[in-house]
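User: Could you take me through this model in a few questions and answers, with the cut-offs stated where they matter?

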Amino acid sequence: MLCQKCNKNTATFFYTETVNGKTASYALCDECKKKFIGGEGHSAADDGFEKLYNGFFNDSFFMPSLFPSSVLFGNADMLAKASGSVKKCPSCGASLYELTNAKRGFCPECYIAFSDELAPYFKNMHGSYLHKGRRPMSQNVTKTQTGSDNTSKNDNSNEKELAELREKLNEAIQEERYEDAAKLRDRIRQLEA
Amino acid sequence: MDNRYSISSRVRIARNIKGFPFTDRINEADMASVCDIVKGALGNEYSYINFAALSPLKKRAYVEQHIVSPEFANAKNKTALFINSDRSVAVMVGEEDHIRIQAFAEGLDLAKALKYAEETEDVIARAVDFMFDEKIGYITKCPTNIGTGLRASVMMFLPATVNSDTVSAISSDLARNGMTIRGVYGEGSSSFGSLYQISNNVTLGLSEEEIVERVTKIAENLAVAEEKNENRLCASNPDYYRDDCMRALGILRSAYMISSSEAGTLISKVMLGANMGYVDIDNKNNRIYRALESVFPATLTETAEKTPSNDRERDIARAESLRKSLA
């Protein structure tokens with residue numbers, strides 16, 4: 001079997017991980033293994049499993065294979081590249097690639113600017129991309145914004161529909177129905193606009 | 001509750017204040033404002049420590065006691081620390097996130113630690129707006145903490161379960177459940193004193209209660225396994241383990257000089273022997289472990305009556321402290 005990364009050498013390192021019920025396998029040659037995971041004699045036990053484990057998340061190489069039909073992530077990025085305008089965070093100028101490959105740290109606005117694009121990244125990292133749990137006590141929280149408060153009292157029916165759509169989007173991604181997910185995402189954007 | 005294997009529980013909540021950049025891009029004036037805002041919010045119930053102004057030794061002593069993280073002690077920005085009167089809650093301002101609330105509880109009691117941390121969060125939240133997004137929850141500097149910003153961890157004594165042969169299997173098992181195990185002291189597979197920390201990796205998509213429940217469940221399972229493994233291990237050669245434990249206690253009770261690594265190894269043997277009933281020593285509130293915690297270099301130097309000035313004097317002071325606390 002050839003190395004999945006360079007497609008030249010024979011793969012000697014095989015790794016399968018199951019994160020939150022999702023299994024992904026990788027096959028790498030010696031060189032690519034060294035490059036992407038670490039030097040020789042680097043076993044999980046030697047070096048702290050966490051390092052190895054997190055390494056997979058931070059590495060761009062593994063992202064496409066985890067999202068084989070990544071409409072939400074890959075296409076957006078490719079389209080942006082093709083049209084010559086890579087989307088940047090309006091506040092700090094970071095691109096999605098830089099953020100998800102640990103080339104640059106997030107600024108508060110990055111999370112908002114790449115809200116949709118980051119969904120699969122969070123899904124990969126946390127098994128979900130929708131918050132559950134505590135919320136600020138004050139009611140002046142508005143969705144996906146950090147500055148202006150102009151949408152703080154949106155009408156309730158919109159809010160309700162948005163919540164349902166987000167739930168559906170979550171399901172669609174979980175079931176890997178990416179075409180549906182893209183449609184739902186567009187509808188959410190429309191409502192949010 | 002059986003706390004022989006779970007020494008302490010800790011919950012950490014990460015929060016950032018709306019309107020300020022993250023700590024990597026914040027200027028001095030803004031960072032000082034953040035410290036002041038939290039100081040104003042917490043009021044007099046928490047004692048304020050101008051952490052940035054402390055000596056490196058004092059900072060290290062706080063790290064050794066697990067009250068602050070090593071990152072906090074090394075932070076370049078202005079940092080402030082707030083501790084409540086019974087030391088169950090510590091608030092770090094100026095770590096990776098603007099605010100990191102840590103709450104502690106004895107033994108396995110994450111629910112209690114969570115309650116403490118959330119009460120403190122509510123106090124701060126009355127004075128500030130945290131960065132929050134409807135979809136991804138509380139916004140943190142690192143995406144690994146996004147959502148709840150919650151890290152729940154349990155410090156466990158696992159001498160018979162976790163060793164260099166089993167740590168990798170246990171790690172991947174835990175990773176599948178969104179958890180991590182790491183040595184409390186030292187790196188990688190071998191942990192000084194057989195002390196390990198179990199904590200959640202996943203912070204988004206689960207509620208605080210769900211995270212705490214999951215980590216608790218894992219800690220309970222590990223405690224059951226550890227009890228079985230200790231019984232099996234000691235049954236394989238009871239005379240040897242009894243002798244090992246009694247000798248260890250003998251050294252700790254009578255040595256004139258002792259290094260921290262030797263102390264760690266011996267304390268671990270005594271803890272195992274106490275669990276097995278080989279020695280008659282009161283281990284209430286993990287007294288044996290606490291004896292170890294108070295003899296780390298910086299803590300010892302900080303607390304000794306006569307400040308030790310070199311390794312030899314420290315080893316003498318350490319042995320003296322252990323003789324007293326394990327008498």
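User: By class, which residues make up the lining of the largest cavity?

Analyst: This is a predicted model, where local features need pLDDT of at least 70, side-chain atom pairs count only at pLDDT 80 or more, and totals for chains, interfaces and linings use all residues. Residues are numbered from 1 along each chain as written, chains are lettered from A in the order written, and side-chain values use heavy atoms, without hydrogens and water. A cavity is a set of points on a 1 Å grid over the protein atoms alone where a 1.4 Å probe fits but cannot get out, and lining residues have an atom within 4 Å of a point. With Ala, Val, Leu, Ile, Met, Phe, Trp, Tyr, Cys and Pro taken as nonpolar, Asp, Glu, Lys and Arg as charged and the others, Gly among them, as polar, the lining has 8 nonpolar, 1 polar and 4 charged residues.

User: What is the volume of the largest cavity, and which residues are the closest to its centre?

Analyst: Grid points are joined across faces, edges and corners, and a volume is the space filled by probe spheres set on the points, which gives about 110 Å³ for the largest cavity. Of the 13 residues that line this cavity, the closest to its centre are A:Asp116, A:Ala119, A:Tyr129, A:Leu169 and B:Lys135.

User: Which element gives the largest share of that lining?

Analyst: Helices here are DSSP runs of H or I with at least four residues, and strands are runs of E with at least two, numbered from the N terminus. In chain A, α8 (119-126), α9 (156-174) and α10 (178-192) each give two or more residues to the lining. The largest share, 3 residues, comes from α9(A).

User: What area is buried between chain A and chain B?

Analyst: Counting contact as heavy atoms within 4.5 Å, 40 residues of chain A are in contact with 47 residues of chain B. Buried area is the accessible area (1.4 Å probe) that two parts lose on being put together, summed over both. Carbon and sulfur atoms give 57% of a total that comes to about 3,700 Å².

User: Is B:Ser8 buried or exposed?

Analyst: B:Ser8 lies in strand β1 (residues 6-15) of chain B, and beyond its neighbours within four places in sequence its contacts include B:Ala105, B:Ser153 and B:Arg290. Buried means under 20% relative accessible area, exposed over 50% and partly exposed in between (1.4 Å probe, protein chains only). Because its relative accessible area is 16%, B:Ser8 is buried.

Conventions:
On a 1 Å grid over the protein atoms alone, a cavity is a set of points where a 1.4 Å probe fits but cannot get out, and a pocket is an open set with protein on both sides within 12 Å along at least five of seven lines; lining residues have an atom within 4 Å of a point.
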